[in-house]
Amino acid sequence: MRVRLAALLLALASSAAAADAPATWRPWLEQVPAGRQARAAIPTAAELEALRANRALLARWAEPPPSVAWNDVVSGLVIKYQMNPLRASRVYAYVHIAIHDALVVCAQRGCEPAARPVAMHAAASRMLEHLYPNESPGRFAALGRSGAAALLANLGGHNQAELAWQAGSDVAEAAIRRALNDGWDMPKLTPKRPAWKPGIWQSAPPMNIYDPAEPHAPQWRTWVLASGAEIEPAPPLAYDSPAFWAEVEEVRTVAAALTPAQKQIAEEWNLEAGSVTPPGVWNLHAKRLSLEYKLDAPSAARMFSTANAAMIDAFISCWHAKYKWWTERPITVIRRQRDPDFMPHVITPPFPSYPSGHSSVSGAAAEVLAAFFPKDAAELRRMAQEASMSRLYGGIHYRSDNEEGLAVGRKVAARALARIADSPAQRAATTR
């Protein structure tokens, strides 16, 4: 499977350079109708001449692909609003999918390749206006116009800029309609939980939070799966079985003999609210590889949107399993049955154990990025394995949580990669 997907993505990369390829790509969103006229503030010839001298603006907005420039904006917002990993992943997905589909729709409407990034800037700015309504009014619109203006200054202007801006605005409105009904804002009341018994999740010290986090995430709308229940790990190890107690003892043994390197791995991958979170780290790696390999705007949009669709669906699938089995965390088992003073190296998050969210999202991200960057596949998979093991080093997950989480993420990634191959251009590319 990995060899076939890598060969496919290499073919995609070569076909993506063709000017008309994005018009044949399958959009992530459903049909995007033409909306009301959304006129952009297209700069005059004199303004373009002045902008050409603004090297800082050009370096930020015109030189990298739009996906890279907007990825930096999203990462800053995730940190500012201290978003948890699931909600951060949702934002990354919507912004990058809007950017991708703006490119596709613009191409389908007859935009020339040079004008299409204007659509991508329009879509990203409007999407962020919806996702962050508490930001200063007009901030994102101004950033979108700056991106478009910097691009046009670099090109010396373009007579299709308004057509492109309209295409991007229409895509953003379609994405917003979806976001209003994707389930993320359901009441945060915990669904009916099983009666407690040994092996069932309970609040853990030191936070002792009774209600677990994001209990409705299993019902969030997915991008590549039919639902969060479509891909499930095997059932967790039975409580009180020999295999279960072997994993409990492993958590204790590892915690008692952590090396400085293991502590560093546990801390660097912890990435709770207030950081870019695990999906943010994988987006930073996507950015690094995009710049290192000098991806053009279409290829970068393809890569970022696929990776982020896979990551949010991996989270949804993982959370479905968490709230199907409500598995108890190591800390409460160990304190009750082995060592009342046990404390893991990192704080145990407030939701069930099986499987690991870090592992699920890392498995998904690494497989998508490995398909787009096959020369880096071994290192990307090593990083995913490290992210997974960091939760054992931290003392908050059993080994099977991590291994099954990685497997879930990889399966979701395979679905995402198969989805982007489903268009005439990609099928033709594989026959060349």
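**Reading a predicted helical chain**

Modeller: Let us begin with the surface: the protein chain exposes about 17300 Å², of which carbon and sulfur atoms supply 55%. Such areas come from the Shrake-Rupley method with a 1.4 Å probe, and for residues only the protein chains shown count as cover. This is a predicted model, in which local features need pLDDT of at least 70 and side-chain atom pairs count only at pLDDT 80 or more, while totals for chains, interfaces and linings use all residues. Residues are numbered from 1 along each chain as its sequence is written, and side-chain values use heavy atoms, with hydrogens and water left out.

Colleague: How many helices and strands does the protein chain have?

Modeller: Helices (H or I, at least four residues) and strands (E, at least two) are read as DSSP runs and numbered from the N terminus. On that reading, the protein chain has 17 helices and zero strands.

Colleague: What percentage of the residues of the protein chain count as buried?

Modeller: A residue is buried under 20% relative accessible area, exposed over 50%, and partly exposed in between (1.4 Å probe, protein chains only). Of the 432 residues of the protein chain, 58% count as buried. As for contacts (heavy atoms within 4.5 Å), among those between residues at least 6 apart in sequence, 84% join residues at least 24 apart.

Colleague: Which residues touch the most other members in the largest nonpolar core?

Modeller: In soluble globular proteins, nonpolar side chains tend to be buried together. A nonpolar core is here a set of buried Ala, Val, Leu, Ile, Met, Phe, Trp, Tyr and Cys residues joined through side-chain atoms within 4.5 Å. The largest core has 134 residues, and those touching the most other members are Trp-70, Val-95, Met-127, Leu-128, Tyr-132, Trp-223 and Trp-282. Helix H12 (residues 297-325) contributes the largest share of this core, 16 residues. Not counting residues up to four places away in sequence, Val-95 touches Trp-70, Val-74, Ala-124, Met-127, Leu-128 and Leu-131.

Colleague: Which cysteines does a disulfide join?

Modeller: A disulfide is a covalent bond between the sulfur atoms of two cysteines. The criterion is a pair of cysteine sulfur atoms within 2.5 Å. A search of the whole structure finds one: Cys-106 is joined to Cys-111, with an S to S distance of 2.2 Å. Because the torsion about the S-S bond of Cys-106 and Cys-111 is about -95 degrees, the disulfide is left-handed. Cys-106 is buried at 0% relative accessible area, and Cys-111 is buried at 2%.

Colleague: How many salt bridges does the count give?

Modeller: Side chains of opposite charge can pair when their charged atoms come close. The rule asks for a side-chain nitrogen of Lys or Arg within 4 Å of a carboxyl oxygen of Asp or Glu, and the count comes to 21 salt bridges. One of them pairs Arg-415 with Glu-230 (2.3 Å, N to O). Arg-415 lies in helix H16 (residues 399-420) and Glu-230 in the loop between H8 and H9, so the pair ties together parts that are 185 residues apart in sequence. Another joins Glu-272 and Arg-391, whose closest N and O atoms are 3.4 Å apart. This pair also links distant parts of the chain, 119 residues apart: Glu-272 is in the loop between helix H10 (260-268) and helix H11 (277-292), and Arg-391 is in helix H15 (residues 377-393). Glu-272 is partly exposed, at 28%, whereas Arg-391 is buried, at 2%. Elsewhere, salt bridges that share partners join Lys-80, Glu-135 and Arg-139 into one network; within it, Arg-139 meets Glu-135 at 2.5 Å, N to O.

Colleague: Where is Pro-206, and what is the peptide bond from Pro-205 to Pro-206, cis or trans?

Modeller: Pro-206 lies in the loop between H8 and H9, and the peptide bond from Pro-205 is cis, with omega near 5 degrees. Asn-208 is in this loop too; its phi is near 55 degrees, a positive value in a residue other than glycine. A cis peptide bond also joins Tyr-354 and Pro-355, with omega about -10 degrees.

Colleague: Which residues make the nonpolar surface patch?

Modeller: Patches are made of residues with over 30% relative accessible area and no salt bridge; like charges are joined within 9 Å, and nonpolar side chains (Val, Leu, Ile, Met, Phe, Trp, Tyr) within 5 Å. Met-207, Ile-209 and Ile-347 make a nonpolar patch of about 250 Å². Ile-209 is found in the loop between helix H8 (161-179) and helix H9 (242-256), and counts as partly exposed at 34% relative accessibility.
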